[in-house]
Every structure is written in structure tokens, then in C-alpha cells.
Amino acid sequence: MTDRLPGFNTLAIHAGAAPDAATGARATPIYQTTSFVFDDVDHAASLFGLQAFGNIYSRIGNPTCAVLEERVAALEGGTAALAVASGHAAEFLAFHALMQPGDEFVAATRLYGGSINQFNHSYKNFGWTVRWADSDDPSTFEAAINERTKAIFVESIANPGGVIVDIAALAEIAKRHRIPLIVDNTMASPYLIRPFEHGADIVVHSATKFLGGHGNSIGGLIVDGGSFNWAGDDRYPMLSKPRPEYGGMVLGETFGNFAFAIACRVLGLRDLGPALSPFNAFMLLTGIETLPLRMQRHSDNALAVAEHLQAHDAISWVSYPGLRSDRYHNLASRYCPKGAGAVFTFGLKGGYDAGVRLVSNLKLFSHLANIGDTRSLVIHPASTTHRQLTDEQRTIAGAGPEVVRISVGLEDKEDLIDDLDQALAAA
Ligand code: PLP
């Protein structure tokens with residue numbers, strides 16, 4: 001071997017995994033166990049005291065999950081990662097390591113609806129306040145920052161698709177105010193966008209979507225970019241103050257450029273408990289092996305479908321940054337030149353009723369509330385996810401009566417176009 005650094009495809013298959021030392025198993029074994037036997041009392045004490053790394057109890061770490069953590073850290077170019085039970089758990093534990101009661105963070109309004117709920121409602125119970133900003137106008141983030149602000153949060157490609165965020169511009173603002181930029185990279189995956197290369201400090205994922213890629217397992221990851229210096233920064237006491245539960249250890253000093261990942265594990269995951277099952281870690285790892293192939297095909301298929309819909313008589317608009325005419329095309333060329341992902345929205349001239357008929361008539365597309373599956377998926381937000389809102393609220397959320405969202409899968413694009421054509425003709 002030379003000292004050549006492995007490429008993305010190689011990392012997607014090999015990072016974090018070696019043949020099993022005990023059995024020679026080549027696929028990562030599923031360590032389906034709750035706990036691990038200590039060598040002796042001293043070994044146990046050193047694990048509990050964070051003087052040594054190793055396995056204690058699967059709620060705070062498991063060898064199958066550890067392979068997933070190493071693999072995603074390598075793909076994102078981070079220093080370390082933590083695997084957790086879901087994308088929402090990843091967001092929650094990331095904020096738990098940063099925020100105290102009374103603290104604030106600034107988030108883009110264009111986010112997955114579940115994250116908007118989490119930030120607006122659940123986080124109130126912890127005394128954490130979200131301030132909303134417009135990702136099309138980075139100056140609105142700066143305007144919302146004050147002395148209690150502890151982070152900026154955005155999605156790289158914003159759910160429900162169609163929005164590319166200028167990560168570098170937001171990273172500049174975050175650095176000016178010495179706060180970390182957290183990027184939810186679920187929709188892009190590191191194959192399309194690597195947020196750390198543009199100045200982000202922390203990446204979170206719903207691995208449920210494109211990382212796993214097969215619609216079979218819920219999971220999440222937090223990736224530490226290693227770029228933020230927590231030591232000595234009083235604003236982040238979880239990282240910069242002595243921790244009573246670890247004999248006064250200061251995590252930011254002891255663990256340096258992977259202290260954030262450690263804090264999420266030994267304070268957040270340990271005490272709050274959203275562990276990933278090793279079986280799900282195995283499923284997610286198997287999915288990641290083909291991530292580069294799938295993301296390219298997702299993006300190529302989505303562009304072909306978007307171009308077809310744009311020219312279709314029944315369609316009033318298509319919002320896909322891969323299209324040359326799209327308002328985000330320049331940002332897409334800069335941040336994700338390989339493709340703009342699988343998920344986008346379009347508008348039906350026939351409005352609400354046409355949306356309902358379209359999802360009923362499609363045969364190959366599955367009507368359900370997920371994205372990032374090998375299978376093509378469709379949803380009409382106004383009659384489902386956004387049903388409880390008023391017409392005006394739906395329109396502000398990008399879920400007007402005529403809007404349909406699709407997640408383009410890996411089938412033959414001709415079959416997808418054929419299915420859409422027959423469903424539109426019947427709508
Ligand atoms: N972030 C994004 C961009 C998502 O699309 C989702 C789920 O749809 C989540 C986070 C939450 O992830 P999970 O469903 O794995 O909790």
C-alpha cells in the first residue's frame with residue numbers, strides 16, 4: 001500500500017470495519033448484547049472514569065454502532081461521531097451538549113416539519129428558545145443572534161427539497177460570533193455535500209433517510225467537525241466546566257477536537273438514553289456501502305423527472321435546484337455539483353383536488369410520509385402532513401393546496417415518468 005488516502009467509495013465500504021478479530025466474519029457482526037464483561041475491577045473503573053475507551057453497556061455504545069460511527073465520521077470528514085436512535089435524537093443530544101435553560105439558537109425556517117415542532121414546542125420544556133431566520137438571507141441570522149445564542153442550525157438541502165443553503169456564508173457569521181454552525185445533512189448526505197468543507201462545526205443526520213437508504217431502519221448520527229475550541233469558553237459549561245459525574249474532568253480539555261462527540265455520548269446518550277439498536281446499525285451500515293451509487297442515481301433520476309414535469313401541461317411549477325432555470329441553481333452548482341438530491345416539490349394546475357387524485361392514481365410511487373428510500377415516494381402535504389394548518393399557514397410552509405412532494409427512487413426513470421404521466425392524465 002502507498003500512503004494514498006482512500007476515496008469516498010472506498011470509505012463507504014471499509015471505513016471503521018475490519019474482519020472480525022474473533023471469527024474472521026467479513027460483514028460487521030451484530031453485537032446483540034446489552035452489556036460487556038470487564039477484564040477485571042481496574043478495567044471496569046478505567047472505563048467508567050473515561051480513562052480508557054471500551055464497551056460497558058449498549059445504551060452508551062456498542063461495537064456494531066461504533067463501526068457506523070467511524071464510517072459516517074470518515075465520510076463527513078469529521079473527527080468522531082455518535083450513533084443514536086433517530087434523527088430527532090441526534091438533534092436533541094447535539095443541543096443538550098450546548099444549551100442551558102434560558103439559552104437560544106437561530107434556525108432556518110425552511111426545515112423538516114418535525115424539527116420545527118421539536119424546536120418550537122418540546123424545547124420550551126428545557127427553557128431553550130429558537131429564533132427563526134431566512135436561509136435565503138444570511139443577514140437575518142446575524143440579526144437574531146444575541147449574548148444567549150449558542151448555535152446556528154440549518155439543513156444543507158432543506159426538506160421538502162428545492163432549497164440549497166449557503167453554508168459558507170452562515171459559517172462566517174457563526175465564526176464572527178464564536179458559536180457553532182450545526183448542519184442537518186440528511187437530504188444531501190456526504191456524497192453530495194460535506195458541510196465541514198464549507199465551515200460547519202457539527203453535522204447531524206437522520207440516517208433513516210439516505211444513509212440507510214432502504215426505508216427499513218430509524219437511526220441518527222451526530223458528527224463532530226473538531227473545529228470548535230470549547231476549552232475555556234464559559235458559555236458551554238458541558239464542555240468547558242469540570243463535570244461532577246466524571247470526577248471534575250473538563251471534557252473540552254481532555255478530549256480536544258472530539259470533545260463534542262464525547263459530551264453527546266457521556267452526558268447526553270448516557271443520561272437521556274436514545275440508543276441505536278445494533279441491528280439497525282447493521283442495516284444502516286449495509287445501506288451506506290452503496291451510498292455513492294444510490295445518491296448519484298437518485299439525483300440523475302430526479303433531474304430527469306423534474307425536466308419532464310416542467311414541460312408537462314398539468315404542472316404549473318417545479319422547484320428543483322438541478323434545473324438550470326431554478327433560483328437555487330447557482331448555489332447547487334457550487335455546493336452539490338454532482339446532483340441536487342432526490343426530493344423536490346411541484347405545483348399542479350388543478351390545485352387540491354388534482355393533488356389528491358394524483359397520489360391516488362400513482363402505482364409505482366408509494367403514498368407515504370418518508371423520503372430517501374430506494375422506492376419512489378409521494379405525498380400531498382395539504383391533505384396529510386399539513387392538514388391541520390390553515391390555507392395561509394400551508395402556503396407559508398411551502399405546502400399550498402397544489403403542492404406535491406416526491407422522493408425519486410432508483411427505479412428506471414422511464415417507468416417513473418410513465419407512472420406520473422398516467423396518473424396526471426387520470427387526475
Ligand atoms: N432531519 C430531516 C431533514 C428529516 O427529514 C427528518 C425526518 O424526516 C429528521 C431530521 C428526523 O429524523 P428521524 O425521523 O430519523 O427522527
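1. The largest cavity, where a cavity is a set of points on a 1 Å grid over the protein atoms alone at which a 1.4 Å probe fits but cannot get out, is lined by S58, R59, I60, G61, N62, C65, E69, A83, R265, L269, A275 and L276, a lining residue being one with an atom within 4 Å of a point. About 40 Å³ of space lies in this cavity, the volume being the space filled by probe spheres set on grid points that are joined across faces, edges and corners. Helices α3 (63-76) and α11 (259-272) each supply at least two residues of this lining; helices here are DSSP runs of H or I with at least four residues, strands are runs of E with at least two, and both are numbered from the N terminus.

2. This is a predicted model, in which local features need pLDDT of at least 70 and side-chain atom pairs count only at pLDDT 80 or more, whereas totals for chains, interfaces and linings use all residues. Residues are numbered from 1 along each chain as its sequence is written, and side-chain values use heavy atoms, with hydrogens and water left out.

3. A search of the whole structure finds 2 cavities of 30 Å³ or more.

4. The largest pocket, a pocket being an open set of grid points with protein on both sides within 12 Å along at least five of seven lines, contains about 1,100 Å³ of space. Of the 43 residues that line this pocket, the closest to its centre are L111, Y112, G113, G114 and I116. The elements that give two or more residues to the lining are α4, α5 (113-120), β8 (202-206) and α16 (391-396), and α5 gives the most, with 5 residues.

5. The ligand sits in the largest pocket, in the sense that more than half of its atoms lie within 2 Å of the grid points of the pocket. Around the ligand there are 13 residues, of which the closest are G87, D184, S206, T208 and K209, and a residue is counted if one of its heavy atoms lies within 4 Å. Helix α4 (residues 87-98) gives the most to this shell, with 3 residues.
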